[in-house]
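Student: I have a two-chain model open on my screen and would like to walk through it with you. Could you take my questions one at a time?

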Amino acid sequence: MPDRLRNRLREERARRNLTQADLATLVGVSRKTINTVENGVFVPSTELALRLARALKTPVESLFQLAE
Amino acid sequence: MQPETTVELADRVSRKRAIGVAAAGLAYLIVQVVARPFFVGGADIDRRVRIDFWGINAIALLLLLATGGGLINSRKVRALVNDEVSRDHYKSAIIAAHWVAMTIAMALYFIPRFSTITAREAIYAVVTPSIIVATLVFSYLELRAHRDA
């Protein structure tokens, strides 16, 4: 990915005072999934991106952006 | 002390699995170097035992890779342990193993020009490195995903 897709997952999670484990529980994935997405190591599927956006109550396009 | 949540349990199981798969892959590699079940002579019985042991070991590792292990855990925990990221790691490991197998298989195709090997030896030469690569790539990617988590 990683240079072509940026995400603000860590910032949004921190803004809501959620730990990686909290967010993982809300989304129904493992903590390593949250970690790898935050670190830009893993590009989530559309379904997971939408689930993350819903859990953080934010539009998916504000969570993930294509790097210019 | 607070009870462990499903996510925490899955996290622990996943880490243990990554370490376990790495250890199993390395142990398998060491056994091949030390015992050398094929390509080395010796008493017939001794050689047969080593070859059979190799087969059992290979099947066990293939089953571990195929199932993801952790069958004693609940369905919910297994779903978390084998979630999107782990499935992606599994795919990467299998792709790496596939190319190792193809490369060795093509090399073996040309070997009969120089020497003769049996079908079992050829299977051993293809399967062993492929399994080792699959286990090591999978465990490396899993451990990397756990880092800083």
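This is a predicted model: local features need pLDDT of at least 70, side-chain atom pairs count only at pLDDT 80 or more; totals for chains, interfaces and linings use all residues.

Student: At what angle do α2(A) and α3(A) pack?

Tutor: Residues are numbered from 1 along each chain as its sequence is written, and chains are lettered from A and ligands numbered from 1 in the order in which they are written. Helices (H or I, at least four residues) and strands (E, at least two) are DSSP runs, numbered from the N terminus, and axes are lines fitted to C-alpha atoms, for helices over the stretch in contact, with angles from 0 to 180 degrees between N-to-C directions. The axes of α2(A) and α3(A) lie 8 Å apart, and the packing angle is about 110°.

Student: What is the orientation of α2(A) and α3(A) to each other?

Tutor: The scale counts angles under 35 degrees as roughly parallel, over 145 as roughly antiparallel, 65 to 115 as roughly perpendicular and the rest as oblique. Where they touch (C-beta atoms, placed from the backbone, within 7 Å), A:Gln20, A:Ala21, A:Leu23 and A:Ala24 of α2(A) meet A:Arg31, A:Thr33, A:Ile34 and A:Asn35 of α3(A). With an angle of about 110°, α2(A) and α3(A) are therefore roughly perpendicular.

Student: How many residues of α3(A) are buried?

Tutor: Buried means 20 or more other C-beta atoms within 10 Å of a residue's own, exposed means 12 or fewer, and partly exposed is in between, with C-beta atoms placed from the backbone. The buried residues of α3(A) include A:Lys32, A:Val37 and A:Glu38. They pack against β1 (5-7), α1 (9-15) and α2 of chain A, and also against α1, α4 (84-110) and α5 of chain B. α3(A) is largely enclosed by the rest of the structure, so the count is eight of eight.

Student: Which helix gives the most to the side of chain A that touches chain B?

Tutor: Across the two chains, 16 residues of chain A are in contact with 16 residues of chain B. On the chain A side, α2 (20-27) and α3 (31-38) each supply at least two residues. The top contributor, with five residues, is α3(A).

Student: How many residues of that side of chain A are nonpolar?

Tutor: In this scheme Ala, Val, Leu, Ile, Met, Phe, Trp, Tyr, Cys and Pro count as nonpolar, Asp, Glu, Lys and Arg as charged, and the others, Gly among them, as polar. The side of chain A that touches chain B has two charged and seven polar residues, and its nonpolar residues number seven.

Student: Over in chain B, how are α1(B) and α5(B) oriented to each other?

Tutor: The axes of helix α1 (residues 6-35) and helix α5 (residues 119-146) of chain B come within 8 Å and cross at roughly 150°. Among the residues of α1(B) that meet α5(B) are B:Ser14, B:Ala18 and B:Tyr28, while B:Ile131, B:Phe138 and B:Glu142 are among those on the α5(B) side. By orientation, α1(B) and α5(B) are therefore roughly antiparallel.

Student: Is B:Glu142 buried or exposed?

Tutor: B:Glu142 lies in helix α5 of chain B. Leaving out residues up to four places away in sequence, B:Glu142 touches B:Ser14, B:Ala18, B:Ser86 and B:His89. With 23 other C-beta atoms within 10 Å, B:Glu142 is buried.

Student: Where does A:Asn17 lie?

Tutor: A:Asn17 has a phi near 55°, a positive value in a residue other than glycine. It has 7 C-beta neighbours inside 10 Å, so A:Asn17 counts as exposed. Its place is the loop between α1 and α2 of chain A.

Student: And in which loop is A:Lys57 found?

Tutor: A:Lys57 also has a positive phi in a residue other than glycine, near 50°. With 8 C-beta neighbours inside 10 Å, A:Lys57 counts as exposed. A:Lys57 is in the loop between α4 (46-55) and α5 (60-63) of chain A.
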